[in-house]
Amino acid sequence: MSEPLGIGIEERADSDGAYPRLSEEQRARLRSLGKVRSTSPGEVLFREGEPGYDFFAIESGAVAIVQGYEQENRVVVVHGRHQFLGELGLLTGSRVYLSAVVRDGGEVIQVPAERLRALLGEDEEMSNVILRAYLSRRSRLIDAGAGVHLVGSRFSLDSRRLREFLARNRVPYEWTDLEEEDEVDTLLQALELKPAETPVLIGVGSMLRNPSNAELAAALGLGTSGARRRSVTW
């Protein structure tokens, strides 16, 4: 059996509101809306590419947040006791950018996303804690280039259009410029692409070849105009 992801990585301390620990009172409110269940090492709580996921607060144990699970396996952060998982996409209904894999078994509070959204509309204190954390985490994802992968030429108007769309909607993404890639032909062959088929988006379920804004929005779980779906005002 392989070693659980995140071994030797310290839990992330909260320095700017991105990784707070919930109080007993806050966790009790969450327990009233969801369920407490046990976890085991290696269990995947949610996986990148999925259309959505539940909210998880950790009662005990630790969970690694992983980019490229089962491929790259890059651990972005480890959450521990009384911290919570997720980022802004949980509230906006967009696709999952990272995977959550249990490192140390324990217990979590699992709350359906729609119940969490309703709670944030009613509980200002909880809303401030979770929204501040999620906004900060989204900024970190953008800075780190995590999320979807866009491959294209800097001279392509469609590449520019897609990059502007992703930036405008604060979607984390990594950009590969074919003009700076030393082995362009090898890269395109690996992706089974012709130059005319670029730009392409990877990491949104299936590969999208030069999608329209509406097609990209649908794949990411955004509104067709590029505005995010919101079932609850927050």
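Predicted model: local features only at pLDDT ≥ 70, side-chain atom pairs only at ≥ 80, totals over all residues.

Me: What makes the pair Arg27 and His82 a polar contact?

Reply: The two side chains come to 3.2 Å, and the cut-off for such a pair of N or O atoms is 3.5 Å, so the pair qualifies. Leaving out residues up to four places away in sequence, Arg27 touches Leu22, Glu59, His82 and Ile109.

Me: Nice. And how do you know that the buried residues of α7 line one face of the helix?

Reply: First, the buried residues of α7 (213-220) are Leu216, Ala217, Ala219 and Leu220. Looking down the axis, these residues fall within an arc of 165°, so they line one face. Their cover includes β6 (148-152), α5 (157-168), β8 (200-202) and β9 (208-209). Just after the helix, Gly221 has a positive phi of about 85°.

Me: Why are Asn73 and Asn210 called partly exposed?

Reply: Partly exposed lies between the 20% limit for buried and the 50% limit for exposed. Asn73 has 30% relative accessibility and Asn210 has 29%, so each falls in that range.

Me: What makes the phi of Asn73 worth a remark?

Reply: Most residues other than glycine have a negative phi. Asn73, which is not a glycine, has a positive value near 55°; its place is in the loop between β3 (55-67) and β4. Asn210 is not a glycine either, and its phi is positive at about 45°. You can find Asn210 in the loop between β9 and α7.

Me: Which bond joins Thr198 and Pro199?

Reply: A cis peptide bond, with omega of about 5°. Most peptide bonds are trans. Pro199 belongs to the loop between α6 (184-190) and β8.

Me: What makes Phe55 stand out in the largest nonpolar core?

Reply: That core has 51 residues, and Phe55 is listed with Leu30, Leu85, Leu116 and Leu166 as touching the most other members. Another core, of eight residues, lies apart from the largest one and has Leu5, Ala62, Tyr69 and Val101 among its members.

Me: How many residues line the second largest pocket, and which are the closest to its centre?

Reply: There is about 290 Å³ of space in this pocket. It is lined by 22 residues, and the closest to the centre are Ile65, Val76, Leu98, Arg137 and Leu141. At least two lining residues come from each of β4 (74-79), α2 (89-92) and α4 (124-144).

Me: One last thing: what does the whole chain look like in numbers?

Reply: It has seven helices and nine strands, and buried residues make up 48% of its 234 residues. Of the contacts between residues at least 6 apart in sequence, 75% join residues at least 24 apart.

Notes:
Residues numbered from 1 in each chain as written. Heavy atoms only, no water. Buried < 20%, exposed > 50% of the residue type's maximum accessible area, 1.4 Å probe, protein only. Helix = DSSP H or I, 4+ residues; strand = E, 2+ residues; numbered from the N terminus. Arc of directions from axis to C-beta. Contact = heavy atoms within 4.5 Å. Polar contact = N/O pair within 3.5 Å; in protein donor to acceptor, adjacent residues only side chain to side chain. Core = buried A, V, L, I, M, F, W, Y, C linked by side-chain atoms within 4.5 Å. 1 Å grid on protein atoms, 1.4 Å probe; cavity = no way out; pocket = protein on both sides within 12 Å on 5 of 7 lines; lining within 4 Å. Points joined across faces, edges and corners; volume = space filled by probe spheres on them.
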